[in-house]
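The sequence and structure come first, followed by the text.

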Amino acid sequence: FKADASTRALVVEMGMRGLGEIERLSRCAEPDLAVITNIGTAHIGRLGSREAIATAKCEITRSLRADGVVVIPAGDPLLEAALAAGWSGRVRRVALADDLLAPGTMPADLVGRLVPPATAPGDAAGSREPACLEVAGMPPITLPLAGRHNARNLLLAVAVAQELGVDAAALTDLAVEVPGGRSRRLQLGGVTVLDETYNASPEAMLAALELLAAEPLHAGGARYAVLGTMLELGESSMALHRRVAQRARSLGLDGLVIVDGGPEGAAMLEAAAGLERLVRVSEPEEAIEPLLGWLRTGDGLLLKASRGVALERLLPLLQERLA
């Protein structure tokens, strides 16, 4: 990352599965600036609660410079409480203009407005221009990855860029390269496939379903999803799997294939009851048969599950049978 001719920044991603791990990473990196993207439920099986997850993520401040800054999404009381317990320095908060912030939380000091792309009647699937993010005092920024969740992540990055003195004009046309199985769109035989097979948490599942619901399709195009299970959720696992399946049902998907032969799959099947097409299978490859009976040119298909499900094994079958 290059801010200008004389300034460079090293970006280090820190992850954890338990308390104390980010603290050790913070001691190694001694960051000047820290970003906490969200407090979700990933690894809640080990940590036990979102409060503990917030505490673990805020360990990044342990070796943050005293004159450094923490950039966070506005409106999360758990994050605010955990951060205040160990950090008294500067905080920058970001939010989309229509985000609903929890009462009593600090307002955002950087606000962006997500402007959806205009679509003419009859536009082909995938033909829309990307959405853009409008921030006061800056030229519009093209959204490099689709979805509201990615717009919030972009706002966090904009706040970091401002702290580093990056020229606003350098942010208008960004390109992001992501590994396979993340934010990837494929066109297979006229079907738009959203490949999110790399991994999944409850929050990422819900965001991906929203992305599918907003995907531009041909007139009459149907929306389908193949969802596997999410791992390391502990005692919250059943409730969180039900929540994802309920959201698939409330969004009115045209069909859902659940990949899991265990209790989580059964819970999802029950929670999604009412969808016109609903199938449960045990292995990723078994999803191909119902999909071949459903998919038509102009449809959209989401694939998402935790890494351990290996949902990417379905992709070669789709490529072979839909081509």
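## Cysteines

The sulfur of cysteine 28 lies 19 Å from the closest cysteine sulfur, that of cysteine 58, which is too far for a bond. A disulfide is taken as a pair of cysteine sulfur atoms within 2.5 Å, and a search of the whole structure finds zero of them. The model is predicted, so local features need pLDDT of at least 70 and side-chain atom pairs count only at pLDDT 80 or more, while totals for chains, interfaces and linings use all residues. Residues are numbered from 1 along each chain as its sequence is written, and side-chain values use heavy atoms, with hydrogens and water left out.

| Residue | Relative accessibility | Class |
|---|---|---|
| Cysteine 28 | 68% | exposed |
| Cysteine 58 | 5% | buried |

## Helices

Helices (H or I, at least four residues) and strands (E, at least two) are DSSP runs, numbered from the N terminus. In helix α3, residues 50–57, the buried positions include Ala52, Ile53 and Ala54. The buried residues of α3 pack against α1 (21–29), α2 (44–47) and α4 (77–86).

Helix α6 (residues 202–214) packs with helix α7 (residues 237–250) at an angle of about 5°, and their axes are 10 Å apart. Axes are lines fitted to C-alpha atoms, for helices over the stretch in contact, and angles run from 0 to 180 degrees between N-to-C directions. The two helices α6 and α7 are therefore roughly parallel, a term for angles under 35 degrees. On the α6 side the contact (heavy atoms within 4.5 Å) is made by Pro202, Met205, Leu206, Leu209 and Glu210, and on the α7 side by Leu240, Arg243, Val244, Arg247 and Ala248.

Histidine 241 also lies in α7 and is buried, at a relative accessible area of 0%. Leaving aside neighbours within four places in sequence, histidine 241 is in contact with Thr229, Met230, Leu233, Glu264 and Met268.

## Nonpolar cores

A nonpolar core is a set of buried Ala, Val, Leu, Ile, Met, Phe, Trp, Tyr and Cys residues joined through side-chain atoms within 4.5 Å. The largest has 46 residues, and those with the most contacts inside it include Leu209, Ala225 and Val244. Helix α6 supplies the largest share of this core, six residues. Apart from it lies another core of 24 residues, among them Leu295, Leu301, Leu303 and Leu318.

How values were computed
Buried < 20%, exposed > 50% of the residue type's maximum accessible area, 1.4 Å probe, protein only. Parallel < 35°, antiparallel > 145°, perpendicular 65-115°, else oblique.
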